[in-house]
Amino acid sequence: IATSTGNITLDAQAGDADIIFKGTDDAADITALTLDMSEAGAALFNAAVTVGTDLTVTGGDVSYGNGQDATLSIANTGSGTDGRDLTVSAGSAPAGANNQNGGDLLLKAGGGDGTGTSVMTFSTKVNGSDAAAERMRLHTNGYLGVGTAAPSQIIHAAAAAPIVVVQNTTNEHTDGGAESKIIFGDHAGNALAMIEGSHSGSSDDTKGQFRLST
């Protein structure tokens with residue numbers, strides 16, 4: 001079927017009649033593509049689909065079937081080429097004077113039933129190895145584990161020599177300046193007690209002071 005100008009129209013006029021593209025794989029008769037007219041032309045491909053350029057979805061969602069686990073990934077590169085970045089971005093509002101919000105980025109683990117669980121994990125490449133390893137896990141109970149897959153408290157950091165750094169990036173050398181604080185609050189967020197580290201004296205040096213207060 002060919003035309004040098006204009007459209008090519010395939011018109012199945014019977015009630016809910018589909019348009020089906022068929023072919024032969026060796027000696028087997030196969031269906032490659034079905035356009036489902038009862039679903040307003042929804043396309044069903046028999047196998048994987050390759051898109052040679054950008055794919056734009058103008059409305060609706062992108063979802064996977066539930067017959068198997070699914071992966072969203074970039075294909076591996078060849079020797080001598082770094083792996084490609086993958087960016088997931090929410091929508092931006094136009095710049096101007098309207099004080100508009102940007103779109104929220106929502107990451108959700110799957111829901112379940114009863115005592116069922118779900119987690120969210122984050123992995124990075126291991127230095128000196130070809131593999132990636134889990135670095136952080138948000139557990140099903142809301143506990144965050146860094147370096148552990150079984151956090152025992154709301155924040156749990158585990159390593160051979162765990163160090164947590166709280167850094168004030170302001171370049172100031174006043175007495176009590178460049179402070180960093182850990183604040184303990186009640187149910188309404190009112191501060192009950194505080195641990196504070198700050199600069200000591202007014203000289204440009206690395207002297208510090210440490211305070212515990214209620």
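View 1. Strand S10, residues 208-213, is hardly covered, since the count of buried residues among its six residues is zero, where buried means under 20% relative accessible area with a 1.4 Å probe and protein chains only. Strands here are DSSP runs (E, at least two residues) numbered from the N terminus, and two of them pair if DSSP finds at least two bridges between them. Strand S9 (residues 191-199) pairs with S10 in the antiparallel sense over six bridges, and Leu 212 in S10 is the bridge partner of Ile 195. This is a predicted model, in which local features need pLDDT of at least 70 and side-chain atom pairs count only at pLDDT 80 or more, while totals for chains, interfaces and linings use all residues. Residues are numbered from 1 along each chain as its sequence is written, and side-chain values use heavy atoms, with hydrogens and water left out.

**View 2. The open sheet S1-S2-S3.** Three strands, in the order S1-S2-S3, form an open sheet with antiparallel pairing. Strand S1 (19-25) and strand S3 (42-45) stand at the edges, each with a single partner strand, so one side of each is left without a neighbour in the sheet. Seven bridges join S1 to the antiparallel strand S2 (residues 28-36), and the bridge partner of Phe 21 in S2 is Leu 33.

**View 3. The lining of the largest pocket, by class.** This lining has nine nonpolar, four polar and one charged residues, where Ala, Val, Leu, Ile, Met, Phe, Trp, Tyr, Cys and Pro count as nonpolar, Asp, Glu, Lys and Arg as charged, and the others, Gly among them, as polar.

Conventions
Buried means under 20% relative accessible area, exposed over 50%, partly exposed in between (1.4 Å probe, protein chains only). Helices (H or I, at least four residues) and strands (E, at least two) are DSSP runs, numbered from the N terminus.
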